[in-house]
Amino acid sequence: MEMKKKSFFARYKVFTIFAILAILIILAAVFAPQITRGVDPAKGSLADAIKAPSAEHIFGTDKMGRDIFTRVIYGARVSLLAAFGVVGLSFVIGTFLGIISGYFRGIVDSVIMRIADMMVSFPGLVLAMAVAGILGASIGNAIIAVSVVTWPKYARLARSLVLKIRDRDYVAAAVVTGSKTPYILFRYMLPNALPTLVITAATDIGSLMLELAGLSFLGFGATPPTPEWGLMLSEGRAYMQSAPWLMIFPGLAIFITVVVFNMLGDGLRDILDPRSNE
Amino acid sequence: MSTKKILSRILQIVIVLIGISFLTFLLTYLAPGDPAQIMLTSSGVMPTPSEVAALRETMGFNDPFFVQYFRWLGNALHGDFGVSFSLNKPVVDLLLARLWPTLKLTIFSMILMLVVSVPLGMVSAVKKDSWIDNLVRGVTFLGVSLPNFWVGLLLMLLFCVKLKLLPVICSGGDFKSMILPAVTLAVAMSAKYTRQVRTAILEELSQDYVIGARARGVKERKILWRNVFPNSLLPLITMLGLSVGSLLGGTAVVEVIFSYPGLGSLAVSAITSNDYNLIQGYVLWIALIYMVINLLVDISYNFVDPRMRLSR
């Protein structure tokens, strides 16, 4: 018993540390102009092109003479907004369709679930690439593309959670006593499904960031001169030999951010859902 | 899996393929950009409006959506996915030429992944909470957070730029040119799979029969090899089948980085040049490959687990 209590406390500590780190990353994104002392991430002077890291440019500069440190800090904005955008979109659409599907059953359920089955039955990144490419490169389209392949996961989860409780007596009682359907959906179905869905969303953020950065790397996401980490890596590729810092720092930024959000998601899951402890 | 079940799965695959073909066709139909214009411009000369209009008519781009879709579907069922606008060759020929390199890369990186993650996951599970378990868990955690395109670039920087192994492994179309791309793909996959192996083995180790065998004094090694490992094969094979999906999707990035002539790099250039026929062909082929592999995985249960042979 003593042992168990201690290990839970240890886990809680890990969660706290990563929550603080995540907040620091978010703060860096919000206060990017202050941190970089007003340097424009999209402008540079060609006289400063391809400078190695120094006291003046601690992460060096790129081929346009732009400060890499500034661009990495601003990159946090793009990466966080995009990842939260995808999670938000897929969460809302998936949960809505999943609850409707599970509650009403019948033809609505069949149609929604067959579409969801179709989407999960083959590699998501392939479709995301095609969607993002066909819609045209932009960070907004990349968000749409990744959401298109992510919502089914939430829909299936929400549906299974609703199916568990929809035939309970208290729901039947609410129906008999004249509760309106939207009220039942919001008052009983949604709160029941929410905790599990939130855990899933939290653990998903890291891998969604990787996918979005991957799309930008391939040229199907952010477009120049947006300071986006994946795009910066692909721009730095050509200078691998002469200027390796162009690909070291944006890569580190992605890596660290994804580690922090993955740890945070795992920590949150351990706290909210102790059964899932390995 | 019974024959009936297999047949229904094949039917399901057909339905999914038709659904996906409809979706991608709809997308390309709605996409900005006139395919006739793109086809003509890709030959290098700026076409006149009347030339574009004439091509639209002959290609049937003016027909209603469903007429166009069913014509395309009909041809596709005969194995004809049309002609690639940008490369001026039949889509099927292009895909066929690139299929084997990508499959080879996928298989090679899966072997790498298995060699690394099965032993690590097993040791980690058996020695739970020891230093080696903590180390494996820590490293795999970092591994799943690594962007594969960054890993690829770093490997390239290390082996091709710093160590100057350029002629040895960084160019050419033979086996050696597959090493770095395969390692890149295997890094993230191994990390994920090691964790899954560990979880599966731990799950099996906590079963009552293991406690019973231990109580009877059966040797730990014997329990592990005779009972635990064979019993955890089933979830491991399932996860292996699923990871083929992320491998097939992930090859695109890696193929682009290493200029590897596979399906992924073909798809990326098709998307960049709005080559709709090629994009549709690629998406359908990948979907088909992935679903057939997963069907084979499910059929393989029959051999791994005798219970599955009974009608279920």
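In which loop of chain B does S259(B) lie? S259(B) is found in the loop between α11 and α12 of chain B. The model is a predicted one, in which local features need pLDDT of at least 70, side-chain atom pairs count only at pLDDT 80 or more, and totals for chains, interfaces and linings use all residues. Residues are numbered from 1 along each chain as its sequence is written, while chains are lettered from A and ligands numbered from 1 in the order in which they are written.

Chain A has ten helices and zero strands, helices being DSSP runs of H or I with at least four residues and strands runs of E with at least two, numbered from the N terminus. The C-alpha trace of chain A spans about 75 × 55 × 30 Å along its principal axes. Of the 278 residues in chain A, 45% are buried; a residue counts as buried if 20 or more other C-beta atoms, placed from the backbone, lie within 10 Å of its own, as exposed if 12 or fewer do, and as partly exposed in between. Among contacts in chain A with a separation of 6 or more, 70% are accounted for by residues 24 or more positions apart, a contact being a pair of residues whose C-beta atoms, placed from the backbone, lie within 7 Å.

Chain B contains 13 helices and zero strands. Its C-alpha atoms fill a box of roughly 85 × 60 × 30 Å, taken along the principal axes. Buried residues make up 35% of the 312 residues in chain B. Of the contacts in chain B between residues at least 6 apart in sequence, 72% join residues at least 24 apart.

The contact between the chains takes 36 residues from chain A and 39 residues from chain B. On the side of chain B that touches chain A, two or more residues each come from α1 (3-30), α6 (131-144), α7 (148-162), α9 (179-205), α11 (220-257), α12 (263-272) and α13 (276-304) of chain B. The most is given by α11(B), with eight residues. By class, this side of chain B has 29 nonpolar, ten polar and no charged residues, where Ala, Val, Leu, Ile, Met, Phe, Trp, Tyr, Cys and Pro count as nonpolar, Asp, Glu, Lys and Arg as charged, and the others, Gly among them, as polar.

The largest nonpolar core has 141 residues, of which M129(A) and Y282(B) touch the most other members; such a core is a set of buried Ala, Val, Leu, Ile, Met, Phe, Trp, Tyr and Cys residues joined through C-beta atoms within 7 Å. Helix α3 (residues 68-104) of chain A gives the most to this core, with 15 residues. Not counting residues up to four places away in sequence, Y282(B) touches L95(B), L263(B), L266(B), A267(B) and A270(B).

Eight of the ten residues of α12(B) are buried, and the helix is mostly covered. Just after α12(B), N274(B) takes a positive phi of about 55°.

Within chain A, the axes of helix α9 (residues 229-236) and helix α10 (residues 245-272) come within 8 Å and cross at roughly 160°. Axes are lines fitted to C-alpha atoms, for helices over the stretch in contact, with angles from 0 to 180 degrees between N-to-C directions. α9(A) and α10(A) are therefore roughly antiparallel to each other, the term covering angles over 145 degrees. The contact is made by W229(A), M232(A), L233(A) and G236(A) of α9(A) and by L246(A), M247(A), P250(A), G251(A), A253(A) and I254(A) of α10(A). By class, these are eight nonpolar, two polar and no charged residues.

Some backbone features lie in loops. The peptide bond from P224(A) to P225(A) is cis, with omega near 0°, and P225(A) is in the loop between α8 and α9 of chain A. R105(A), not a glycine, has a positive phi of about 50° and is found in the loop between α3 and α4 (106-120) of chain A. R105(A) is partly exposed because 14 other C-beta atoms lie within 10 Å. S259(B), also not a glycine, has a positive phi of about 45°. With 11 C-beta neighbours inside 10 Å, S259(B) counts as exposed.

Definitions and conventions
Parallel < 35°, antiparallel > 145°, perpendicular 65-115°, else oblique. Contact = placed C-beta atoms within 7 Å.
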